[in-house]
Amino acid sequence: MLNCVEDNEARIVGRVASYLTFSHDVHTECFYRFSIRAERLSDNADVITVTVSERMLTDLQIEIGQKIEVSGQFRSYNNYTDNGNKLVLTLFAKEIKNALEEAMVENEIYLNGFICKPVVYRVTPFGREIADILVAVNRAYNKSDYIPCIAWGRNARFVKNLEVGQNIKIWGRMQSREYQKKISEEEAVTKTAYEVSICKLDVVRQQTE
């Protein structure tokens with residue numbers, strides 16, 4: 001279970017779904033990426049990218065199919081390409097360990113942040129209420145992570161009236177979702193969106209003197 005002590009805590013138990021690849025280096029420390037697959041109760045699964053320091057891999061082998069537990073923070077960064085700017089989300093690992101084969105697959109996240117764009121509320125043709133929220137979560141060195149979140153049903157109805165700058169706490173899971181992006185009248189490509197699917201949220205009320 002998450003301690004909910006920091007403003008951004010995430011934990012996932014699943015199986016390694018890709019090989020380690022080099023990501024970047026910071027002051028001679030190298031970082032690598034791989035993906036982890038966590039099955040849902042439905043037939044779908046969430047495949048989340050993990051970023052890990054080489055210094056955490058000295059006593060741990062990352063192999064496809066291996067069941068592991070990763071704890072850390074769900075972070076964002078901007079990836080600038082010729083096609084424009086894209087917000088990329090990754091689970092920045094603070095701890096990785098092997099998980100027992102009989103261990104339950106888990107996927108949980110806690111965020112304490114601020115709404116930084118107007119909430120987008122909509123109702124699907126089937127009558128399902130959905131709200132998209134972009135939450136800014138502060139971290140060290142005056143940096144922030146911008147995490148897209150999605151609320152459903154009564155949570156969507158509740159959050160649609162919240163204003164930019166409102167402090168909220170969120171409990172949920174990290175989610176990957178495929179969608180079709182149309183690039184011409186005849187052609188579309190499959191893309192993957194990453195977000196937090198909200199299970200519970202609270203508004204942080206400002207104390208008055």
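How many positive and negative side chains does the protein have, and how far apart do the centres of the two sets lie?

1. The protein has 27 positive and 29 negative side chains, and the centres of the two sets lie 5 Å apart. Here Lys and Arg count as positive and Asp and Glu as negative, while His and the chain ends are not counted; each charge is placed at NZ of Lys, CZ of Arg, CG of Asp or CD of Glu.

2. This is a predicted model, in which local features need pLDDT of at least 70 and side-chain atom pairs count only at pLDDT 80 or more, whereas totals for chains, interfaces and linings use all residues. Residues are numbered from 1 along each chain as its sequence is written, and side-chain values use heavy atoms, with hydrogens and water left out.

3. The protein contains one helix and 12 strands, where helices (H or I, at least four residues) and strands (E, at least two) are DSSP runs numbered from the N terminus.

4. Of the 209 residues, 39% count as buried, a term that means under 20% relative accessible area, with exposed over 50% and partly exposed in between (1.4 Å probe, protein chains only). Strand 7, residues 106-115, is mostly covered, since eight of its 10 residues are buried.

5. Strand 7 runs antiparallel to strand 1 (residues 8-16), to which six bridges join it, and Glu 9 stands opposite Tyr 110. Six bridges also join strand 7 to strand 11 (residues 167-182), again antiparallel, with Leu 111 opposite Ile 170. Two strands pair if DSSP finds at least two bridges between them.
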